[in-house]
Amino acid sequence: MTLLITIIAAVISTLVWYLNEKRDAYKLGFLSLMYWGASLMWFMDFVFEYAEMKAEYFNQAFADILNDSLLGLAVVTLGLVIWLVVLIIKDPKGVFKKKLTK
C-alpha cells in the first residue's frame with residue numbers, strides 16, 4: 001500500500017506540474033521528484049521483499065495493510081511539509097519579504 005499511495009501522489013503531482021503555467025515559481029517539480037524518489041524506494045523494497053517471501057507477500061494480515069497505508073500517508077504528508085518549507089523559504093511572490101520590510 002505504501003508503494004501504491006506514493007505512486008498516486010507522484011502521478012498527481014506530476015500532472016499538476018505539467019498543467020500549471022507557474023510550475024517553476026511554485027517548485028512543483030521539486031514536489032514531483034520527491035514523490036517519484038519515494039516511489040522508487042518503495043518499489044525496491046517491494047522487489048526485495050517479494051524475492052524473500054514469494055507468493056506469501058500477497059497474503060498479508062489486515063493490520064499489516066493498515067500499517068503500510070498509514071506509512072504511505074505519512075510519507076505523502078511529510079513530502080508536502082518539506083515542499084511547503086522550501087516554498088516559504090524561496091518565497092516566489094515575495095509575500096514574506098514585503099511583510100518583513102514594513
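Predicted model: local features only at pLDDT ≥ 70, side-chain atom pairs only at ≥ 80, totals over all residues.
Residues are numbered from 1 along each chain as its sequence is written, and side-chain values use heavy atoms, leaving out hydrogens and water.

Let's start with α1 (2-19) and α2 (residues 28-53). Helices here are DSSP runs (H or I, at least four residues), numbered from the N terminus. α1 and α2 pack at about 155°, and their axes are 8 Å apart; axes are lines fitted to C-alpha atoms over the stretch in contact, and angles run from 0 to 180 degrees between N-to-C directions. The two helices are therefore roughly antiparallel, a label for angles over 145 degrees, while those under 35 count as roughly parallel. The crossing of α1 with α2 is left-handed, meaning that the near helix is turned anticlockwise from the far one by less than a right angle; clockwise would be right-handed. On the α1 side the contact (heavy atoms within 4.5 Å) includes Leu3, Ile7, Val11 and Trp17, and among its α2 residues are Leu31, Tyr35, Trp42 and Phe46. By class, that contact has 15 nonpolar, seven polar and no charged residues. In this scheme Ala, Val, Leu, Ile, Met, Phe, Trp, Tyr, Cys and Pro are nonpolar, Asp, Glu, Lys and Arg are charged, and the others, Gly among them, are polar.

Next, follow the chain on to α3 (residues 62-90), whose axis comes within 10 Å of that of α2 and crosses it at roughly 150°. α2 and α3 are therefore roughly antiparallel too, but their crossing is right-handed. Here Leu28, Phe30, Leu31, Met34, Tyr35, Ala38 and Trp42 of α2 meet α3 residues including Leu71, Val75, Leu80 and Trp83. The contact of α2 with α3 counts 14 nonpolar residues, one polar and no charged.

How do α1 and α3 sit against each other, parallel or antiparallel? Their axes are 8 Å apart and the angle is about 30°, so α1 and α3 are roughly parallel. α1 passes α3 in a right-handed crossing. Thr2, Ile5, Thr6 and Ala9 from α1 meet α3 residues, among them Asp68, Leu71, Val75 and Val76.

The largest pocket holds about 250 Å³. A pocket, on a 1 Å grid over the protein atoms alone with a 1.4 Å probe, is an open set of points with protein on both sides within 12 Å along at least five of seven lines, and lining residues have an atom within 4 Å of a point. Of its 13 lining residues, Met1, Thr2, Leu3, Tyr57 and Asp68 lie nearest the centre. α1, α2 and α3 each give two or more residues to the lining, and α2 gives the most, with four. The lining has seven nonpolar, two polar and four charged residues.

Finally, look at the loops. Lysine 54, in the loop between α2 and α3, has a phi near 60°, a positive value in a residue other than glycine. Aspartate 91, in the loop between α3 and α4 (95-101), isn't a glycine either, yet its phi is positive at about 50°.

Conventions
Parallel < 35°, antiparallel > 145°, perpendicular 65-115°, else oblique. Points joined across faces, edges and corners; volume = space filled by probe spheres on them.
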